[in-house]
Structures are given as C-alpha cells and as structure tokens.
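Thanks for coming, everyone. Please look at the screen, and I will walk you through one protein.

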Amino acid sequence: MNEKEKILGDERRRFIVDTLQASEKPITGRVLGEMTNVSRQVIVGDITLLKAKNEPIVATSQGYIFMPIQATPERVEKTIVCKHTPDQTIDELNILVDNGVTVKDVKIEHPVYGDLSASIMVSNRNEVKEFIKRIKEADAIYLSKLTDGGIHLHTIMADDEEYIKNAEEALRKAGILVD
C-alpha cells in the first residue's frame, strides 16, 4: 500500500457502489482495493456487507458489477439444462456466446448442500477465454464436476428469443443440451 489515506467504512462502501454503478465493465477486488487504499480482503468484506443491504452487486469471473434488477421486456431470459465433460466447457460457452447469448450463471444440485450457483456473465469469446483462464489459474473445478454426470443449469439471456433458439439448437447438435 502507498502512503495515501485509506477511505474508511461507510464512505468506502458508498465509493464502491458509485464506482461500480459508473463502470461499464467489471472491476476486480484488487483494483477497488487500490482505489481505496485497502486490501482486496477488505473489499470482499465490504461487498458482502453491501449485498446484505440488498445492493445488486454480482461477483463475476472478471470482477464485480453493479446489476440493478430492471424489467427489460426487450431482453429474453431462459434456464437451460446441459450435460458434458469438463473438457467441453469452452465449447459449450463459445456456442452460446457465438449465438448472441449471455451466460449469466451456472447452477447445480449438490447432494449435500442442495442448490449451488455461481455467476459467470460471459457474452463473447474473450470473456469465455478469460473465464477458462481464471479457472485454470485457480486450479478450480467446474461446478458440473460436483454432480452425477455433469448435469447443470445455465441462465442465459439475449436480445431476441431467436438467439436463444439458435443457441439451443447448436447445443443440441453438439450433444450438450438436455431436452
């Protein structure tokens, strides 16, 4: 840390919300920490407190985003069921984004913990590549590996229902979509 003064408590959390609202791209905890002169761990705690106060902050593989819940009838959303090996994850995600679909999350049903979900928020091949890179760098496992046979759900969204239909058909042809 440099000699700048730390932004403290409520003021720092307000700064985080304002910064995320103003940003069109995700911001990592490390960057928010540098901006407020605190550690990434402090930012993680702040984000937890903000979420508890119902601030619509989502942690994605690229960083934090402010995602207010809006009624947007022009944006179509659907949950799909997929099944594939971990090696097919990049193919699955690329099929979806290549068809104009954003992959919001992945969900599984764990035999002990019940429903588990994680934000993905990828909309293009660069974001998919970065997501896969982060998984590998963290030596993390895909949630689908925690299920029987790799079955998992994705919430997907697109500007038009036709994009979702095309993405589903492409996943079906690849043997990934479970009907």
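The secondary structure comes to six helices and six strands. Helices here are DSSP runs of H or I with at least four residues, strands are runs of E with at least two, and both are numbered from the N terminus. From the N terminus on, the order is α-α-α-β-β-β-α-β-β-α-β-α.

A word on the source. This is a predicted model: local features need pLDDT of at least 70, side-chain atom pairs count only at pLDDT 80 or more, and totals for chains, interfaces and linings use all residues. Residues are numbered from 1 along each chain as its sequence is written, and side-chain values use heavy atoms, with hydrogens and water left out.

Now the overall picture. The C-alpha atoms fill a box of roughly 55 × 35 × 30 Å, taken along the principal axes. Of the 179 residues, 37% are buried. Buried means under 20% relative accessible area, exposed means over 50%, and partly exposed is in between, with a 1.4 Å probe and protein chains only.

Next, the inside. In soluble globular proteins, nonpolar side chains tend to be buried together. A nonpolar core is a set of buried Ala, Val, Leu, Ile, Met, Phe, Trp, Tyr and Cys residues joined through side-chain atoms within 4.5 Å. The largest one here has 23 residues, and Leu96, Val122, Phe131 and Leu171 have the most contacts inside it. Which elements give two or more residues to this core? They are β3, α4, β4, β5, α5, β6 and α6. Apart from it lies another core, of 12 residues, among them Ile16, Leu20, Ile43 and Ile57.

Take Phe131. Leaving aside neighbours within four places in sequence, Phe131 is in contact with Ser61, Leu93, Ile120, Val122 and Tyr142. Contact means heavy atoms within 4.5 Å.

On to helix α2, residues 29-36. Its buried residues are Gly29, Leu32, Gly33 and Thr36. Seen down the axis of α2, they fall within an arc of 105 degrees, so they line one face of the helix. That arc is taken from the directions from the helix axis to the C-beta atoms. What covers these residues includes α1, α3 and β2.

How do α4 and α6 pack? Their angle is about 150 degrees, and their axes are 8 Å apart. Axes are lines fitted to C-alpha atoms, over the stretch in contact for helices, and angles run from 0 to 180 degrees between N-to-C directions. The two helices are therefore roughly antiparallel; that label needs an angle over 145 degrees. Glu92, Ile95 and Leu96 in α4 meet Ala167, Ala170 and Leu171 in α6.

Now some backbone angles. Most residues other than glycine have a negative phi. Met121 is not a glycine, yet its phi is positive, about 50 degrees. Met121 lies in strand β5 and counts as buried, at 14% relative accessibility. Asp139 also has a positive phi of about 50 degrees and is not a glycine. Asp139 sits in the loop between α5 and β6, and Asp139 is exposed, with a relative accessible area of 70%.

Last, Pro26. Pro26 is in the loop between α1 and α2. Pro26 and Gly63 are 37 residues apart in sequence, and 4.7 Å apart in space, C-alpha to C-alpha. Not counting residues up to four places away, Pro26 touches Thr60, Gln62, Gly63, Tyr64 and Ile65.

Note on methods. Angles under 35 degrees count as roughly parallel, over 145 as roughly antiparallel, 65 to 115 as roughly perpendicular and the rest as oblique.
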